[in-house]
Each structure stands twice: as structure tokens, then as C-alpha cells.
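Here is a short report for a reader new to this structure. Look over the chain first, then read on.

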Amino acid sequence: MSKLTVCDHPLIQHKLTIMRKKETSSHEFRELVKEIATLMGYEVTRDLELSDIEIETPLEKTIGKEISGKKLGIVPILRAGVGMVDGFLSLVPVARVGYIGLYRDPETLKPVTYYNKMPKDISERTMILVDPMLATGGSLIEAVRELKNSGAKSIKAVCIVGAPEGIKAFQEAHPDVDLYLAAVDRCLNDHGYILPGLGDAGDRIFGTK
């Protein structure tokens with residue numbers, strides 16, 4: 001079973017509360033998504049490997065630490081996931097960015113991929129898949145499948161809010177992919193929306209309806 005990490009830092013929880021408010025503007029919501037992604041990034045990258053490096057300070061030579069091992073890639077699920085990209089890039093500006101676009105088939109209700117653009121060296125990178133909402137889990141499950149089919153060997157999934165139903169489905173589908181959330185909400189309603197949730201993240205980020 002994949003590992004579930006809930007990033008419950010006080011700053012994340014405070015910002016999430018503001019995001020949930022219906023009166024929060026698109027501009028403020030967009031900034032909060034970026035800020036929460038940045039804060040979650042510290043936890044998501046906690047296990048990056050380090051190696052020793054000799055440097056010289058203004059006073060003497062010393063041994064410092066630098067990140068080694070796998071390089072990183074950030075992959076948003078279009079379109080709401082785009083709002084989380086800059087938060088991660090502010091921590092790791094050299095990360096490559098890929099994109100996955102999905103839509104829901106009106107007959108089968110299953111996600112269908114319409115766009116997939118990945119770094120050429122995807123197999124050499126830890127790919128961080130980002131999307132604000134984990135509701136039924138269908139989109140995230142399909143996106144990870146696309147990453148694996150594209151050659152990804154190391155994947156982490158990061159969402160801001162998740163429902164128990166989606167978490168369970170995702171962990172069963174991809175037991176080898178660790179999942180990071182800022183909050184586990186109560187449940188899904190009859191229309192598949194997260195309760196209490198924060199509304200449609202894409203609409204609130206981009207000011208659409």
C-alpha cells in the first residue's frame with residue numbers, strides 16, 4: 001500500500017481555511033494554491049539524497065551538503081494542476097515540467113487522456129504529479145498510468161484536498177506511488193464533489209464558471 005502523508009503544518013492549515021471560504025477572490029485563491037504547494041514541497045522533497053561537497057567560506061574550507069541522485073520533474077494535470085507548478089518551481093527551479101490533459105467521457109464517465117508531454121529523460125527523474133483535488137481518484141489514477149507508460153520509474157502524487165473514497169481507490173490502483181495531501185475531507189456527495197471541499201479548483205483559480 002502506498003504511503004499517505006498529510007501535511008498538517010499550521011501555515012498550510014491556515015491558508016487552506018482561507019481557500020475554502022466562498023468569498024475568497026480568484027486572485028487570492030490562486031496565490032494560496034501556489035503558497036500551499038510551496039509549503040507541501042518541503043515535505044514532498046524531504047527524502048532527496050544528499051552528498052558531501054567541499055566549499056570555501058569567507059573564513060575557511062568546509063564540507064557542505066548538496067542534493068544528489070535523481071532529478072525532479074513536475075507534472076500538473078490540466079488545468080487546475082497548473083496552479084501548483086510555480087510553488088514547486090520556487091523550491092526546485094531546475095525541475096523540468098511535463099503536462100497531462102484529461103477529460104471525462106460522457107458515456108463511460110472514465111477519464112480519457114487528450115494531451116501528454118513529458119521530459120525526454122523521464123525515467124531518470126522523480127516525477128511529482130500535482131492536482132489540487134482528489135475526489136473519485138479517476139483522473140489521478142489515469143495520470144499516473146500515463147506517467148508509467150511514458151517511462152517514469154519514480155512518481156509522487158500531491159493534492160491539496162482529498163476524499164476518503166478517492167484516496168482508497170488511488171492506493172489500490174497504484175500501491176507503489178506515495179500520496180501527499182494537505183487535508184482529508186469528509187466524503188463525496190452524490191455528484192462526486194468533495195465535502196466540505198473548496199469548490200471547483202480550476203474555476204476558482206482562473207475565475208471561470
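## Overall build

Six helices and 15 strands make up the chain. Its radius of gyration is 18 Å, close to the 17 Å that the globule rule gives for 209 residues, so the chain is as compact as a globular protein of that length. The model is a predicted one.

The C-alpha trace spans about 65 × 40 × 30 Å along the principal axes of the chain.

## Contacts and burial

Of the 209 residues, 45% count as buried; the cut-off for that is under 20% relative accessible area. Take the contacts between residues at least 6 apart in sequence. Among these, 63% join residues at least 24 apart.

## Surface and charge

The accessible surface of the chain comes to about 11300 Å². Carbon and sulfur atoms account for 52% of it.

Charged side chains number 27 positive and 29 negative. The centres of the two sets lie 3 Å apart.

## Helix H1

Helix H1 covers residues 10-20. Which of its residues are buried? They are Ile12, Lys15, Leu16 and Met19. These residues cover an arc of only 105° around the axis, which puts them on the same side of H1. The face turned away from that buried side carries Pro10 and His14, both exposed.

What do the buried residues of H1 pack against? Their partners include two helices, H2 (26-44) and H6 (201-206). Strand E11 (161-162) and strand E13 (183-184) are also packed against by the buried residues of H1.

Note on methods: Residues numbered from 1 in each chain as written. Predicted model: local features only at pLDDT ≥ 70, side-chain atom pairs only at ≥ 80, totals over all residues. Heavy atoms only, no water. Helix = DSSP H or I, 4+ residues; strand = E, 2+ residues; numbered from the N terminus. Rg over C-alpha atoms; globule rule 2.2 N^0.38 Å. Buried < 20%, exposed > 50% of the residue type's maximum accessible area, 1.4 Å probe, protein only. Contact = heavy atoms within 4.5 Å. Areas by Shrake-Rupley, 256 points an atom, 1.4 Å probe, with all protein chains shown as cover. Lys, Arg positive; Asp, Glu negative; His and termini not counted. Charge placed at Lys NZ, Arg CZ, Asp CG, Glu CD. Arc of directions from axis to C-beta.
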